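Work through the exercises below with the sequence and the model side by side. Try each task before you read its solution.

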Amino acid sequence: MELKLVLAKGEPKGKVIDIAKSPAVIGREPDCDVVIASPKVSRKHCRIEMAGNAVSLSDLGSANGTFVNGKKVQKVELHGGDKLVVGPLGFVVEMGGKSAAKPAAKTAAPPLDINDFLAGLEDDGGSKK
């Protein structure tokens with residue numbers, strides 16, 4: 001299965017990260033498969049595993065949590081179009097071949113409201129300026 005993470009929040013926006021192996025660890029340590037150099041990211045933050053057409057994500061006890069579609073998760077199945085937040089970065093999940101997304105989603109761009117979604121995650125309910 002082809003699995004990609006498209007950077008929707010952070011720089012360079014639109015960067016595509018191919019997840020070519022399973023399991024793939026996302027974290028701050030240089031030996032992680034996807035390295036995010038931020039103090040908001042744990043050394044080994046989360047893990048993505050592929051089995052057939054199923055893709056799962058597990059938080060590895062990160063201090064700040066892993067979020068999928070706005071919810072803090074411990075373990076969750078990922079689908080095409082899901083929004084993944086790790087530390088300061090936000091990604092849209094893309095799956096090639098058979099995807100849980102609707103067939104029309106193959107040619108559609110990622111949802112344009114991703115920045116609103118990510119901004120909502122940063123709002124702690126207080127009056128931030």
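**Exercise 1: the sheet**

Four bridges join β10 to β11, and these two strands run antiparallel. The model is a predicted one, in which local features need pLDDT of at least 70, side-chain atom pairs count only at pLDDT 80 or more, and totals for chains, interfaces and linings use all residues. Residues are numbered from 1 along each chain as its sequence is written, and side-chain values use heavy atoms, with hydrogens and water left out.

Task: find the order of the strands in the open sheet of six strands, and explain why β2 and β8 stand at the edges.

Solution. Begin with Val85, which stands opposite Gly90 in β11. Strands (E, at least two residues) are DSSP runs, numbered from the N terminus, and two strands pair if DSSP finds at least two bridges between them.

**Exercise 2: the core**

Task: identify which residues have the most contacts inside the largest nonpolar core.

Solution. A nonpolar core is a set of buried (under 20% relative accessible area, 1.4 Å probe, protein chains only) Ala, Val, Leu, Ile, Met, Phe, Trp, Tyr and Cys residues joined through side-chain atoms within 4.5 Å. The largest one has 23 residues, and Leu5, Ile26, Leu57 and Phe91 have the most contacts inside it. The largest share of this core, four residues, comes from β11.

Terms used:
Buried means under 20% relative accessible area, exposed over 50%, partly exposed in between (1.4 Å probe, protein chains only).
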